[in-house]
Amino acid sequence: SPGNISLASLLILDVSYNNLTFPFPEWFFNLANLRKLDLSGNSLSGPLPSEFESLKSLEHLDLSFNSLEGQVLKLLGNFCNLKILNLAQNQFDGGIQELLDGLSSCPNSVLELLDLSSNMLQSKLPASLGMLHNLKFLTFYDNNMNGSIPESLGQLSQLVHLDLSFNPWEGFLTEAHFINLPRLKYFALGRIDPNPILPIPLTFKVSYDWVPPFMLHKINIGYCKVGPAFGVWLQSQTELLFVKLRGTNISDSIPEDWFLKISSQAQYL
């Protein structure tokens, strides 16, 4: 306890990689001016206490590498000043509808980073995702997200990093999913299971001559149907440093001119 010391003006609190557990002392939730809170790498378990709702000035919240569980609470969706929300490496389950609905209902969402990787999320991806117009970094890596990916993804015009891999998505990806992503540099998609008996549930359904608005630096696609042709959209990506296309049903030949363009700069093929 800080005793009689006043922490009313505290803006940044970093207590990462200690052995903190709940419950927190009462003074902690009186830090009304706190802008950045880093609680990553602790021993926090169970659901997130509702008292976190009092920290509405937060712009950066990092709860990664803990053992938090239950649903990602709606209360975090009420943080309209949040620019960075990192909930990776926890045990959150269920859906994220309430979280995204809350964040997208902010008059002007400023959220730039949303990391929900390596949890146990099992829901569909809500269309309200497309309202987070300032998102630059988005990852749902290593969850159990299912259903189709909403076309509203294509409205995230500031997006640079998109990782949807290791989830059992279904349905189709079309030009509409990428129509307004000119800044995209990193794209990862696909499931972990290479079992050839299982059908490939996610399919790229884009026209052969479609040219996307982005120029990727890294592409990692596994066990999604991209082929059978080596489409123009792939051939247009000439700034690639990392290329991984595994189990994509491409039976075409690799275009020689495309290979020559990327071979001098590529670090992984």
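**Reading contacts, burial and surface**

A: Contact means heavy atoms within 4.5 Å. The model is predicted, so that local features need pLDDT of at least 70 and side-chain atom pairs count only at pLDDT 80 or more, while totals for chains, interfaces and linings use all residues. Residues are numbered from 1 along each chain as its sequence is written, and side-chain values use heavy atoms, with hydrogens and water left out.

Q: Is Thr248 buried or exposed?

A: A residue is buried under 20% relative accessible area, exposed over 50%, and partly exposed in between (1.4 Å probe, protein chains only). Thr248 counts as buried because its relative accessibility is 5%.

Q: Where does Thr248 lie?

A: Secondary structure comes from DSSP runs numbered from the N terminus: helices are H or I with at least four residues, strands are E with at least two. Thr248 lies in the loop between β16 and α3. Ile254 has its place in this loop between β16 (242-246) and α3 (256-263). Ile254, however, is exposed, because its relative accessible area is 52%.

Q: Which residues form a nonpolar patch with Ile254?

A: Patches are made of residues with over 30% relative accessible area and no salt bridge; like charges are joined within 9 Å, and nonpolar side chains (Val, Leu, Ile, Met, Phe, Trp, Tyr) within 5 Å. A salt bridge is a side-chain nitrogen of Lys or Arg within 4 Å of a carboxyl oxygen of Asp or Glu. Accessible areas come from the Shrake-Rupley method with a 1.4 Å probe, and for residues only the protein chains shown count as cover. Here Ile254, Phe259 and Leu269 form the surface patch, with about 310 Å² of accessible area together.

Q: What does Gly147 contact, apart from neighbours within four places in sequence?

A: Gly147 is in contact with Lys124, Pro168, Trp169 and Glu170. Gly147 is found in the loop between β10 (137-139) and β11 (161-163), and is buried because its relative accessible area is 7%. Between Gly147 and Phe187, 40 residues apart along the chain, the C-alpha atoms are separated by 19 Å.

Q: How many helices and strands does the protein chain have?

A: The protein chain has 3 helices and 16 strands. Of its 269 residues, 47% are buried. The C-alpha trace spans about 70 × 35 × 35 Å along its principal axes.
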